[in-house]
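Please look through the structure shown here with the explanation that follows beside it.

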There are 2 protein chains.
Amino acid sequence: MPSISSLGEQALLERIRARAGAPPSWIPLGIGDDAAVLAPERGTFDVVTTDTLVDGVHVRLGRTSARDAGHKALATSLSDLAAMGAAPRAALLNLALPPDLEVDAFDAFIDGFVALGERHRMPLVGGNLSATAGPLVAATTAIGSVAHRRVMTRSGGRPGDELYVTGTLGAAAAGLAILDAGADRAALDAELTECVARHERPEARLRCGVIVGRSRAAHACIDLSDGLADGAARIAAASGTGAILEAAALPTHPGASRWAASTGADALAWALSGGEDYELLFAVAPRARRAFVGALSRCQGLPIARVGRLTQEPGTWLRGPAGDTPLGAGFVHF
Amino acid sequence: MPSISSLGEQALLERIRARAGAPPSWIPLGIGDDAAVLAPERGTFDVVTTDTLVDGVHVRLGRTSARDAGHKALATSLSDLAAMGAAPRAALLNLALPPDLEVDAFDAFIDGFVALGERHRMPLVGGNLSATAGPLVAATTAIGSVAHRRVMTRSGGRPGDELYVTGTLGAAAAGLAILDAGADRAALDAELTECVARHERPEARLRCGVIVGRSRAAHACIDLSDGLADGAARIAAASGTGAILEAAALPTHPGASRWAASTGADALAWALSGGEDYELLFAVAPRARRAFVGALSRCQGLPIARVGRLTQEPGTWLRGPAGDTPLGAGFVHF
């Protein structure tokens, strides 16, 4: 199997270019110049975010397919756009690669990245290739746009706002645990397979973020890259409030609950702090509840759960059967 | 000396935030949310580019200061903006860091990055931190803006256009050779010190790029990150022309010439293919020469040299005393 070092940088760039396709109308200049050129939409802000995928930290190549790794490298940045209510416009991909990476893996990584972008009308418009003596590092930059006054931030929450989370929690952490346990993928049932997929190939809640942003029904929003406890704490800190979450209300993924029960793990901890679920957490005024639920009903059947509220008193708490306990933090890198 | 792993991710982000300062008026939302928000200027395009700095490839930490490495991580992206004629607006910094990196080095890296940005009114508006088992990888995204019809590309060159290069060539390659030879920095004279500085702390020709872009005197432009031979070949390929460079006209840095002579190295090869000089190469129609030189005269005394021309016939050539020889490529990563 040939390695990328046998092809050379220019040939690799050509392979990316061929996969990226022709740029759409809002990209006067895509891949191939010193920089890409984008035409902003009138009346909108640019929203920009960057995220990293490191082999051995966010995925393990060899265990996770290169195609899924490429997908994940973009999905995490898309999730940040979703949390701002921004529609995707363009992506940049910056790769530091071990020279012995196989060409097939390189191609598959790009394919996974580009395929996810195409689904969201987000072309790959530029990037950079470098060699590294270490593991693969993919740095993705995503650029979106959002109409003035439709942007959602972390800091708009107010005491009394209800906290809502999309989808399910703990699935990505369970998926990682399933892989770490060396489980046979072919033997997993649908729910557990879904957990593994959430870890390897997460889906950003882009449509939901844009629809709720346009509805102006939410005071604040954050994506749950580092877990619900972390997300609630960040909204509270940025908004100058506290937060309380209800343990009984958390929409823990059924596969996560089962895998935790069968392995002695803590499904509640996964739901609170596992991270990588890439769901959205919203703070919504009680009087905006109807508008919010109405907006959510246009989000392709995505379930929503009310998991707590923002409080006047600072601090973030979990309310359980045994009373209130302070919430720990999410995944930390250092 | 404490390492970054002793501080934790959140404390590191706070250190970056403190260094980044308050965002200017065109940044409604800077560091601290899921994404940054930028207000585009009316009548302009966004110009976006991304670049990588890998420890051991582009710099060697320990030999080069962390502050210079941070400077260089941004300078290379600034150079891409310069080549498009774009004015800088905002930067993102994506860091994959070895956990044993010292806090002082982390701080110095950010300081170098931010200080260069401040000089060009380019605030750091966002980024990402991850751990890596490999060397430090810094991925920078630079966002600029350029008025419609003022953008310079690689593809606008025409046969007969004259090729002009700013500043001097070969200095960065000489600087790298000087460091690789283990030279005592304190014993280097001013010219050789300048070569080392060009390798470690390059200056993007931003002002020059913007002024020439506004003058509309150049058909095409590229920055010389991978050397003059590579830059000329890329303009020629993108423009559907050939190119010929005159060996006698190359503005080789005097320090590079001297160091090459004293070590048996090839200064011409450094000037042509050493890369990392971050000068600009322009293609200019002969009838626009006066306008071009006039624009350049407003570039703070930056010297300019006519080094060749674009040709009808494809292929890129070097014209020397012994006749024409085909030009090789620049630095390749793989």
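In this predicted model, B:Val48 stands opposite B:Ile143 of strand E5(B). The pairing to which these strands belong joins strand E2 of chain B, residues 44-54, to E5(B) in the antiparallel sense, over 11 bridges. Elsewhere in E5(B), B:Ser145 is the residue that stands opposite B:Asp46. B:Ser145 of E5(B) also has B:Ala87 standing opposite it, and strand E3 of chain B, residues 87-97, is joined to E5(B) by 9 bridges, the two strands running antiparallel.

How much of strand E5(B) is buried? Of the 11 residues in this strand, which spans residues 137-147 of chain B, 10 are buried, so E5(B) is largely enclosed by the rest of the structure.

The sheet that contains these strands takes in a strand of chain A as well, for it is an open sheet of 5 strands with mixed pairing, in the order E1(A)-E2(B)-E5(B)-E3(B)-E4(B). E1 of chain A and E4 of chain B stand at the edges, and because each has a single partner strand, one side of each is left without a neighbour in the sheet. Averaged over the sheet and with direction ignored, neighbouring strands are turned by 20° against each other. Strands of a sheet pair through backbone hydrogen bonds, in either a parallel or an antiparallel way. The link between the chains in this sheet consists of 3 bridges that join strand E1 of chain A, residues 36-38, to E2(B), and these two strands run antiparallel. Within that link, A:Leu38 has B:Asp46 of E2(B) as its bridge partner, and B:Asp46 is also the residue that stands opposite B:Ser145 in E5(B).

The contact between the chains as a whole takes 58 residues from chain B and 58 residues from chain A. On the side of chain B that touches chain A, the elements that each supply at least two residues include helix H1 (9-20), helix H2 (66-84), strand E4 (124-131) and strand E7 (220-223). E2(B) gives the most to this side of chain B, with 9 residues. By class, the residues of the side of chain B that touches chain A divide into 34 nonpolar, 16 polar and 8 charged.

Within chain A, the axes of helix H1, residues 9-20, and helix H3, residues 103-119, come within 10 Å and cross at roughly 30°. At that angle H1(A) and H3(A) are therefore roughly parallel to each other, and their crossing is right-handed. H1(A) makes the contact through A:Leu12, A:Arg15, A:Ile16, A:Arg19 and A:Ala20, and H3(A) through A:Phe106, A:Asp107, A:Ile110, A:Asp111 and A:Val114. This contact has 6 nonpolar and 4 charged residues, and no polar ones.

Most residues other than glycine have a negative phi. A:Tyr278, however, has a positive phi of about 55° although it is not a glycine, and A:Tyr278 is found in the loop between helix H9 (267-273) and strand E9 (280-284) of chain A. B:Gln300, likewise a residue other than glycine, has a positive phi near 55°, and its place is in the loop between helix H10 (289-296) and strand E10 (304-311) of chain B. Is A:Tyr278 buried or exposed? A:Tyr278 counts as buried because it has 25 C-beta neighbours inside 10 Å, whereas B:Gln300, with 10 other C-beta atoms within 10 Å, is exposed.

How values were computed:
Residues numbered from 1 in each chain as written. Chains lettered and ligands numbered in written order. Predicted model: local features only at pLDDT ≥ 70, side-chain atom pairs only at ≥ 80, totals over all residues. Axes fitted to C-alpha atoms, helices over the stretch in contact; angles between N-to-C directions. Helix = DSSP H or I, 4+ residues; strand = E, 2+ residues; numbered from the N terminus. Parallel < 35°, antiparallel > 145°, perpendicular 65-115°, else oblique. Left-handed = near helix turned anticlockwise from the far one by under 90°. Contact = placed C-beta atoms within 7 Å. Nonpolar A, V, L, I, M, F, W, Y, C, P; charged D, E, K, R; others polar. Buried ≥ 20, exposed ≤ 12 C-beta atoms within 10 Å, placed from the backbone. Pairing = 2+ DSSP bridges.
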